Amino acid sequence: MTPPGAGRATGLTLLFDGDDTLWPNNHHFETAIERFVRLVGGGAWTDDAVRDELDRVEEAAWTVRGAGTQAFGHNLVEAAAAIAEPARLPEIEAAIAAIVREMPIGQARPLPGVAATLDELGTRHVLGVVTRGDPAEQWAKIDASGLRGRFRHIEVVRDKDEPTYRRVTAAWALDPARTWMIGNSPRSDIAPARAAGLGAVHIPSASTWRLELADLPVDDPRLLRLESFADLARHF
């Protein structure tokens with residue numbers, strides 16, 4: 001694919017996802033899920049069966065509860081109610097509350113290469129953040145990351161869908177043809193941004209939440225796939 005803006009065009013707007021793009025996040029949830037599986041599994045409820053039930057609950061709650069640890073806790077409780085004997089539910093719900101309470105939700109150390117790459121990109125382009133999740137948790141991570149001052153635009157959104165990207169670009173008076181969304185999640189960062197007319201950069205992460213995975217077209221001229229965050233500086 002020809003790099004966007006041959007000769008490294010300046011004056012683009014680059015929008016970044018937060019979790020697992022700028023800082024690690026999903027591994028905290030995966031650790032909590034491992035504890036949940038051990039808590040409620042057994043007998044006919046194999047580890048895979050428990051995870052499948054949790055996936056079903058989280059898929060149904062995708063646009064209902066939003067994201068973040070509070071929504072995650074509700075999803076765990078709902079999944080447990082379908083798995084465990086009613087007599088065990090009070091004990092299980094107390095254990096789930098402890099699991100969620102112990103998640104390090106305020107930690108947001110930037111991933112390797114992120115700060116330096118943003119510093120370089122910021123000399124040529126306008127930078128912004130569009131991140132999904134619980135507002136208090138996301139703003140805490142933005143502050144904890146030490147990256148906040150590098151961005152002109154920041155918004156925490158409930159959903160990352162086509163209408164959200166259209167609203168954000170209109171609110172910030174951005175030209176979709178000169179705006180790129182960068183993230184690790186095909187479902188939230190890439191597909192809806194492209195549907196809204198933005199370019200998109202997919203930087204895969206081994207930690208991407210499995211419900212965020214989706215097939216992407218291989219012949220889209222405004223979809224760029226990179227191996228690492230630092231590679232952005234070679235293309236923009």
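The following dialogue explains some of the terms applied to this predicted model.

Author: Residues are numbered from 1 along each chain as its sequence is written, and side-chain values use heavy atoms, without hydrogens or water. Because the model is predicted, local features need pLDDT of at least 70 and side-chain atom pairs count only at pLDDT 80 or more, while totals for chains, interfaces and linings use all residues.

Reader: Why is the pair of W180 and F236 called edge-to-face?

Author: Rings of Phe, Tyr and Trp (its six-membered ring) pair if their centres lie within 6.5 Å; planes under 30 degrees apart count as stacked, over 60 as edge-to-face and the rest as tilted. The centres of W180 and F236 are 5.3 Å apart and the planes make 75°, so the pair is edge-to-face.

Reader: What makes the pair of F16 and F151 tilted?

Author: The distance is 6.2 Å centre to centre, with 55° between the planes; the pair therefore counts as tilted. This pair links distant parts of the chain, 135 residues apart, with F16 in strand β1 and F151 in the loop between α6 and β3. F16, F151 and F229 form one aromatic cluster.

Reader: Why is R187 said to lie over the face of W62?

Author: A charge sits over a ring if NZ of Lys or CZ of Arg is within 6 Å of the ring centre and within 35 degrees of the ring normal. R187 lies at 3.7 Å from the ring centre of W62, and the charged end of R132 sits over the ring of W62 at 4.6 Å from its centre.

Reader: What makes β4 and β5 paired strands?

Author: Two strands pair if DSSP finds at least two bridges between them. Four bridges join β4 to β5, so the two strands pair. The strands run parallel, and G183 stands opposite H202 in β5.
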